[in-house]
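Terms are given with their cut-offs where they come up.

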Amino acid sequence: MSESVAAFMDRVVARSSGETEFHQAVHEVVESVWPALERHAEIRKANVLDRMVEPERVILFRVPWVDDQGVVRVNRGYRVEMNSAIGPYKGGLRFHPSVTLGLLKFLAFEQVYKNALTTLPMGGGKGGSDFDPKGKSDMEVMRFCQSFMSELFRHIGDHTDIPAGDIGVGGREIGFLFGQYKKLSNEFAGVLTGKNVNWGGSLIRPESTGYGTVYFAEEMLKSRDQSISNKTCIVSGSGNVSQFAVENINRLGGKAVTLSDSDGFIYDEDGIDQEKIEWVKELKNVRRGRIREYAEMFGCEYHEGRRPWGVEGAECAFPCATQNELNGEDAKRLLANGVYVVAEGANMPSEPDAIRQFVDQKILYGPGKAANAGGVATSGLEMAQNAGFTTWTRDEVDQRLLKIMVNIHRNCQQTAEEYGTPGNYVNGANIAGFLKVARAMLDQGVV
Ligand code: NDP
């Protein structure tokens, strides 16, 4: 090939300066797919990779709203519509003060390949705002969501772009966003996923990302004739993904011993059983409290300002909080302590140095775009139920989710082998996702 990965990346960085998470995500994919590009002259010739790193469309807008004191506040809203080669844009909305265009471009880029792996017809997008729901009243969150949707509604639609939740956007926010969409468009459409089951949501959608990540870990373990049963697991975060990762670890007979938030982590040596995780759901989703209260309630250790990766005696780790929450030092500690399964519920939680160590040590490492794809897959199942005016039972959705995770695992495993790197799920996920989207782009011409 005439160009190197480094030269390609230099061009990407020059065109998107300061967007560090986006550069990190692109670099990981480009490094993996380079051998596939070498094999496929037709994809090279059509300059598919150059087109993939450029969003099809970016929408950026002002979100003014009035707080409880009557003060006018202004946030910034975004939607990055990255790639629609295999279906309408699909991906979550994130409300967090750290949200920037670069952060959302990284998430939208990852989403494209993740969605391709699910086998469902969904393109990739991501959006959100630098609005911080923490410490806001329900009425403030409602007014913000209504203002946000007052602009976004003209850009989305059930065959165009279907947002969902992400950090800071759960059932409450999806409800307010949907209400405003319906009012403005005068249409009850399946335009958002993660809806309440009473009005068009799917059973198991809230559970699906966490459940799916644990199913993926179970599949990786099966490849070594093992299972999660009786294994001790370190979990980070305490939001949607973490809560249901712990629940599924329990269902499969494992033991989760940690949870965290941005203030610190709890270590419960006895295990976070179902009763305790129900208490965490109430703490985080209703009372919106801090994880330190768990230690006060159940009398276990709380470590302020620290992350859980140094905990000893575990075999599995599930980073489920946020990007770049696990660095090279953390990885060294995990490996030294005997962890040999890492399944990412969060998007890009491991820094490149950590990933290198996991891959070099040949542990069972499931990158986010494969391991956490169960969330968007079940959003796809919600869309299918909405389109068919039907609802499926809990068990039916759970079985479909399991089947999807088994297929994603097999696809990653087979693709990694095909490209001479058996057991390397990073290469498997990136190449399999890339080839599916690239072939669709070839079919559709230069658009
Ligand atoms: P939630 O908002 O429900 O929970 C996020 C959790 O992560 C909270 O415990 C939060 O703590 C913690 N957290 C957030 N930012 C930071 C930070 N900068 N440092 C330390 N802790 C932090 O979000 P989700 O559970 O939905 O999402 C978690 C991850 O999973 C994200 O990476 C998301 O992109 C990914 N994901 C989510 C999917 C979904 O369906 N929801 C689908 C696929 C991936 P605090 O309350 O202190 O902020």
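Two strands pair if DSSP finds at least two bridges between them. Helices (H or I, at least four residues) and strands (E, at least two) are DSSP runs, numbered from the N terminus. The model is predicted: local features need pLDDT of at least 70, side-chain atom pairs count only at pLDDT 80 or more, and totals for chains, interfaces and linings use all residues. Residue numbers start from 1 along each chain as its sequence is written.

**Domains**

The chain is divided into domain 1 (57-189) and domain 2 (208-366), with bounds that come from an automatic or database domain assignment. Between the C-alpha centres of domain 1 and domain 2 the distance is 27 Å. Five residues from domain 1 and five residues from domain 2 make up the contact; two residues are in contact if their C-beta atoms, placed from the backbone, lie within 7 Å. On the side of domain 1 that touches domain 2, three residues are nonpolar, one is polar and one is charged. In this division Ala, Val, Leu, Ile, Met, Phe, Trp, Tyr, Cys and Pro count as nonpolar, Asp, Glu, Lys and Arg as charged, and the others, Gly among them, as polar.

**The five-stranded sheet**

Five strands form an open sheet in the order β1-β2-β4-β3-β5, and the pairing is mixed. At the edges are β1 (57-66) and β5, each of which pairs on one side only. From one strand to the next the twist averages 20 degrees. Axes are lines fitted to C-alpha atoms, for helices over the stretch in contact, and angles run from 0 to 180 degrees between N-to-C directions.

Strand β1 runs antiparallel to strand β2 (residues 72-83), and 10 bridges join them. Within this pair V58 stands opposite V80 in β2. Strand β3 (residues 89-95) pairs with β5 in the parallel sense over four bridges, and G91 stands opposite P163 in β5.

Which residues of β5 are buried, and which way do they point? From strand β5 (residues 161-164), D161 and P163 point one way and I162 and A164 the other way, and all are buried. A residue is buried if 20 or more other C-beta atoms lie within 10 Å of its own, exposed if 12 or fewer, and partly exposed in between, with C-beta atoms placed from the backbone. Helix α6 (residues 138-152) lies across β1, β2 and β4 (124-129) and runs at about 145 degrees to β1.

**Helix α5**

The 17 residues of helix α5 (residues 101-117) should span 24 Å at 1.5 Å a residue, and the end C-alpha atoms are 25 Å apart, which agrees. The expected span is 1.5 Å times one less than the number of residues in the helix. Of the 17 residues of α5, 15 are buried, so the helix is largely enclosed by the rest of the structure. Just after α5, T119 takes a positive phi of about 75 degrees.

**The three-stranded sheet**

An open sheet of three strands has antiparallel pairing and the order β8-β9-β10. Because β8 (258-261) and β10 (301-304) stand at the edges, each with a single partner strand, one side of each is left without a neighbour in the sheet. Here the twist averages 15 degrees from one strand to the next. Strands β8 and β9 (residues 264-267) run antiparallel and are joined by four bridges; D261 stands opposite G264 in β9.

**Individual residues**

| Residue | C-beta neighbours inside 10 Å | Class |
|---|---|---|
| S32 | 25 | buried |
| N324 | 16 | partly exposed |
| N47 | 11 | exposed |

S32 lies in helix α2 (residues 20-39). Apart from neighbours within four places in sequence, S32 is in contact with V426, N427, N430 and I431. A416 is 384 residues from S32 in sequence, yet the two are 9.9 Å apart in space, C-alpha to C-alpha.

N324 is placed in the loop between β11 (316-318) and α12 (328-336). Although N324 is not a glycine, its phi is positive, about 50 degrees. Neighbours within four places in sequence left aside, N324 is in contact with M348, P349 and E351. D270 is 54 residues from N324 along the chain, and their C-alpha atoms are separated by 28 Å.

N47 is in the loop between α3 (41-45) and α4 (48-52). Its phi is near 55 degrees, a positive value in a residue other than glycine.
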